[in-house]
Amino acid sequence: MKKIITLIALTSLFNIADAQNKKYIETMEKNIAILDTTRDANVLQNQANTFERIGNAEKKEWLPLYYAAYCYVNMTYSTKGNTIDTYCDKAETFIKKADSISPNNSEIFTIKAQIASARISVNPMTRGQKYGTEAGEIREQAKKLDPTNPRPYYLEGTAFFYTPPMFGGGKDKAKPSFEKAKSLYEAFKPASSIAPHWGAKSNEYFLQKCDEK
Amino acid sequence: MKKIITLFALSLLSLKSIYAQTKISGKVTDQKKITIPGANIFVKDSYDGASTSPDGSFSFVANDTGEVTLVTSFIGYETIEKKIKLNGKEVTYNPVLKEAFNELKVVTISAGTIEASDEKRTTVLKPLDIVTTAGGLGDINGALKTLPGAQQVGESAELFVRGGTGAETKTIIDGMVVNNPFYSANPDIASRGRFSPFIFKGTVFSTGGYSAQYGQAMSSVLALETNDLPDRTSSTVALSTVGVGVGHNHLWKEKQMSAGFDLNYTNLTPYFSLVKQAPDYTLSPQFSGGSLNFRKKTSPSGIIKFYGYFNLSNFGFKTQSIDSTNGYKNLFELGNTNIYTNLTYKERLGEKWLLNIGASYSTNLDKINLSFDTIRSQSDLSQGRIVISRGIGKLSIIRFGGEYQYSFDGFNIKGVGHNYFSNSNYFFKSNTNVYDNYSAEFIEADIFLSRSLVLRLGGRGEYSTLMNKYVVAPRSSVSYKLGESSTLSIAYGQFYQKPERTFLLSPQIPGYNKATHYIANIQRVDDYHTLRLEVYYKQYDNLTLYEADSTRSNLGHGYAQGLDLFWRDKKTLKGVDYWVSYTYLDTKRLYLYYPKEVTPPFAATHTATLVFKKFFEKLNLSTGFTYSYASGRPYNDPNNTEFMANRTIDYNTLGLNCAYLRQIKKCFAVLAFAVTNVIGNDQVFGYRYSYDLQRSQAITPPAKRFFFVGLFLSFGQDRSKEVINNNN
């Protein structure tokens, strides 16, 4: 009898832990799905809040923090001027926390590079050199940490794409990066249902743009 | 049986948890009761929470029971926490968020100050603006002359600010005074600054009311801050119609140390053979020079910087003598050697303290040959400076420190002199050496009474052995932030300055000159626009005056009052950035040989400038023009019974520049073209009169226009990574 009780007690404990984990995965899946379909700043703000809450509860997980940073860096694309810096500062606090939980993570370095790039648009003329160099260096680190990660290549493509040809950018320069990213996206298998998997569609979009005259 | 009991107990437990769900709702606002949408409100360490709707309201269900912490956060606001008890009874909670510290939301002292910086997010200019302003020919002062408060004095490279002479503006690099910031020139031809605008990350151009940190400048302070470590190792080559230059800057791998040099040689002989100059050059201007820099990070917050340059220059020309009727030409030959060095150390001491130490040595030697005179003029300056700052609370700061300067001035002349009063010539030979020990100490506090209101109070004590007098100069200003982007400031200050160098060499040294500033300023700055309006009154006392017996006193006086207006717009016209400055100046002074208080020759009543820049992205072409206007300046016609009553013609000039940019492999190339006075307006800066007053000669630029073509190559800077990322 005692055995049975112990068993019940144990299974219920496992159940609780399992339920907790299930709740984490399910909540993450649901919220990541929203990210896959929107770039609306208000939605991104809500999602950032949600990921921040999950991150607060799941202190050992880097992904909620990663996604919170991802939301903030993507919010910079729908604003201008100094607000960009404010969002980047916020993204940076999350990605730093993520980095301390999961060091040398290619995906985290990818977001770091994206933040540096986003800061350029506050004033491309004066910031291009500093943050462009920084973004490039971090992208290289991200590539090194995981050569199968397509996202650093995708970001490199966009960086070239938006750099005027006179500064060594342009469509022709960007295309090989997008092509490399494409081949990596095709081979890429996310580590889990909640691991980063974004960028493939946009990569296709940019590849098409590169071929447009 | 037990199983059933357990099951029962478990279901009871789950029932209890259903029972214990608590609804929490409310509205998030800021301190002004404005609702905040998108704020995050949640139970700490749980998933339970919500984002606020567009009307700031929220509602969610919390599953925990007992005492929990409710967290409310939003970007740009301070996060707040509140402990509440959850017991299933609906909770209403209306958190009020306080704006977080943000440099943009905090008032800054703006009276009298125009700043160019990349680091501060809202400044009037960016360092790049200084290089790309047409008409300035890449010269710092050339660009600053397009700002309000500065006069268009075409015969000088100096900055004449608000009725002050060029000598009333001091140039400062990393806190250290630069004694001879311009290439030596003859009095009627403008020269250039000795340093490249590319080495500075910040420029503060103060047209009055400045901090107690600065002294010995009655009108203006130009404070330049050198770059920290470069982003990467790079080399540069410059080829132009007037000279060549090379440079290299090395950044060590850990990005903790860098060192660099550049060398340049300029020779105007080929240019002058193509473009005719009014003076008859016996030796076309030649300049050779170089600079060295070194930077080392001593800790995450500490940095040692060295910057130094040397220049050698020579030129000579003959001009028609105004006193000669048989075509005699006056000779002017100048050879200059100049060295400037500057070593600084900056470190944070603990949480609150910041230490800045600096030392500098410079020497300047001019050897001048005139038709009848030879002059050897040397000035050396050694200085040390220490500034300690301490933060008080979140915003307020107190700064104090001191500086010491040891200067030597030697003046050796052999030749013929002229007495203004008896109008006669005399032969003389003299050798004068003057030494001065100058020390100063200052204390200043920026007291933030709120985020919107700051009070700056300070004072500066100065003692010079040569003046043999201790003076105390109080300084103060108040700034109040009127709204999101508008600031109202007033400033008051007293400023002492030793008389110009020439008078220090005279047998009777007049005492300190003094200016008192009263300034009111209103400024509105957002990401794309800047509007500044400033009015001021400046009282001059103790100006140097020639007495009838040809001794010198400091019994002169004067005033300057006026209005400065600045408007910059980067948005209205697509791809165009333009600014407009207007300066109204009313000034009179009794000084030097003036018989009464009059408007001096370096002051124009109206000055206006339009700077226009456009970037053609498809053509890789950056273009711009600068149009400057100044109403006629006074000059004295000795034949006119009224002193200084004549006015020159108005001054007009249109400068043009364009640059073609291209990346070739790892080399970034810029092909630049610039021309001054495109239209060819006549420019007259004043008149010279012969001793017999029969003949006059206009003072004009040596050539109508100046053309410049240059190719600048930069290697190793892989600017391909210079992303202009606008993913929207």
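**A run of hairpins in chain B**

Analyst: Gly459(B) has its bridge partner in β26(B), and that partner is Pro474(B). The model is a predicted one, in which local features need pLDDT of at least 70 and side-chain atom pairs count only at pLDDT 80 or more, while totals for chains, interfaces and linings use all residues. Residues are numbered from 1 along each chain as its sequence is written, and chains are lettered from A and ligands numbered from 1 in the order in which they are written.

The bridge belongs to an antiparallel pairing in which strand β25 (residues 453-464) and strand β26 (residues 469-481) of chain B are joined by 12 bridges; two strands pair if DSSP finds at least two bridges between them. Strands (E, at least two residues) and helices (H or I, at least four) are DSSP runs, numbered from the N terminus. Four residues lie between the strands in the hairpin of β25(B) and β26(B), and here Asn468(B) takes a positive phi near 50°. Further along, β26(B) pairs in the antiparallel sense with strand β27 (residues 486-497) of chain B over seven bridges, with Thr487(B) of β27(B) as the bridge partner of Lys481(B). These two strands are also joined as a hairpin, through four residues.

Elsewhere in chain B, strand β40 (residues 707-715) runs antiparallel to strand β15 (residues 234-240), to which six bridges join it, and Phe712(B) in β40(B) stands opposite Ala238(B). Nine bridges join β40(B) to strand β37 (residues 667-675) of chain B, again antiparallel, and here Gly710(B) stands opposite Ala672(B). A mixed pairing is found in an open sheet of three strands of chain B, with the order β5-β1-β8, whose edge strands, each pairing on one side only, are β5 (57-62) and β8 (91-92). Within that sheet, strand β1 (residues 22-27) of chain B and β8(B) pair in the parallel sense over two bridges, and Val91(B) in β8(B) is the bridge partner of Ile24(B).

Chain A, by contrast, has nine helices and zero strands. Its mean pLDDT (the predictor's confidence in each residue, from 0 to 100) is 88, and 92% of its residues reach 70 or more. Confidence is lowest in helix α1 (residues 2-37) of chain A, at a mean of 77, and highest in helix α3 (residues 63-75) of chain A, at 95.

The axes of helix α2 (residues 41-57) of chain A and α3(A) come within 8 Å and cross at roughly 160°, the axes being lines fitted to C-alpha atoms, for helices over the stretch in contact, with angles running from 0 to 180 degrees between N-to-C directions. Therefore α2(A) and α3(A) are roughly antiparallel to each other, since angles over 145 degrees count as roughly antiparallel, under 35 as roughly parallel, 65 to 115 as roughly perpendicular and the rest as oblique. Likewise, the axes of helix α5 (residues 106-120) and helix α6 (residues 124-145) of chain A come within 7 Å and cross at roughly 170°, and α5(A) and α6(A) are therefore roughly antiparallel to each other. Residues making this contact include Phe109(A) and Ala113(A) of α5(A) and Tyr131(A) and Ala135(A) of α6(A), where contact requires C-beta atoms, placed from the backbone, to lie within 7 Å.

Key
Contact = placed C-beta atoms within 7 Å.
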